[in-house]
Amino acid sequence: SADGRHILFMRQDQMEYDAWLRRTDGSAPTRLGPGMSFTLSPDGRLALAGLFSLDSPLTLLPTGAGTPRELEGKKGALDATWTPDGKKEVWGAADLDGGVRLHIQGIEGGESRTISEAGIQTGVDRPFHVSPNGRWIAALGPDNLVRRSPIEGGESRQVPGALPGDEPSGWTRDGRTLFVSRFEQMPAQIFRLDLDSGKRLPWRELMPRDPAGIGGF
């Protein structure tokens with residue numbers, strides 16, 4: 001969660017998935033409902049969940065009192081997130097042609113809208129990120145480069161300074177800098193990309209105390 005007090009996670013038992021929430025103070029977790037957990041709403045009151053199936057809808061799971069609700073629209077989400085105002089959700093799903101595209105829809109319903117070209121690479125282990133102003137989405141494109149897509153629809157553009165092997169990891173609060181990571185190596189590396197100048201700066205390296213048996217982050 002944005003305040004660092006909760007962790008949304010999922011539990012897998014063979015091919016069954018459940019979304020869970022726990023506090024970071026070590027108290028017992030709470031099961032929210034079935035599905036793969038994607039992300040918490042900005043206010044922390046709802047979680048987005050779904051299943052890797054072409055006919056599986058996105059589900060809104062309350063983190064407190066309330067009833068789960070299925071969302072109408074494009075099904076089969078591979079990953080999903082919220083716009084910063086918490087009024088819309090954005091998700092990636094495969095079409096019948098096999099191409100993965102990004103879609104957007106209001107949480108109160110209505111028509112979903114496709115906002116990217118085919119070939120977006122995403123999943124629970126490869127998320128995309130909406131900018132703080134709600135105007136852009138950073139995602140890994142079909143050319144294996146981090147690209148920035150306008151949330152209102154239109155052609156994506158390569159993020160200046162991005163290299164093959166980078167994956168988007170988040171934005172600075174002013175939306176002028178993008179973090180990209182290289183997690184399939186140790187130590188994992190995180191860089192800051194200035195979107196105006198394309199300047200690429202190392203930010204942090206991550207290394208476990210004992211790397212034995214760890215294949216990636």
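What follows is a short chat about a predicted model.

Colleague: How many helices and strands does the chain have?
Modeller: There are 0 helices and 19 strands. Both are DSSP runs numbered from the N terminus: helices are H or I, at least four residues, and strands are E, at least two.

Colleague: Which residues make up the largest nonpolar core?
Modeller: It has 12 residues in all, including Trp-136, Ala-138, Leu-140, Trp-171 and Phe-191. A nonpolar core is a set of buried Ala, Val, Leu, Ile, Met, Phe, Trp, Tyr and Cys residues joined through side-chain atoms within 4.5 Å.

Colleague: Which strand gives the most to this core?
Modeller: S13, with 3 residues.

Colleague: What is Leu-140 in contact with?
Modeller: Leaving aside neighbours within four places in sequence, Leu-140 is in contact with Gly-119, Ile-120, Gln-121, Arg-126, Leu-145, Val-146, Asp-166 and Pro-168. Contact means heavy atoms within 4.5 Å.

Colleague: New topic. What share of the chain counts as buried?
Modeller: Of its 217 residues, 43%. Buried means under 20% relative accessible area, exposed over 50%, and partly exposed in between, with a 1.4 Å probe and protein chains only.

Colleague: And what box do the C-alpha atoms fill?
Modeller: Roughly 45 × 45 × 35 Å, taken along the principal axes.

Technical notes:
Residues numbered from 1 in each chain as written. Predicted model: local features only at pLDDT ≥ 70, side-chain atom pairs only at ≥ 80, totals over all residues. Heavy atoms only, no water.
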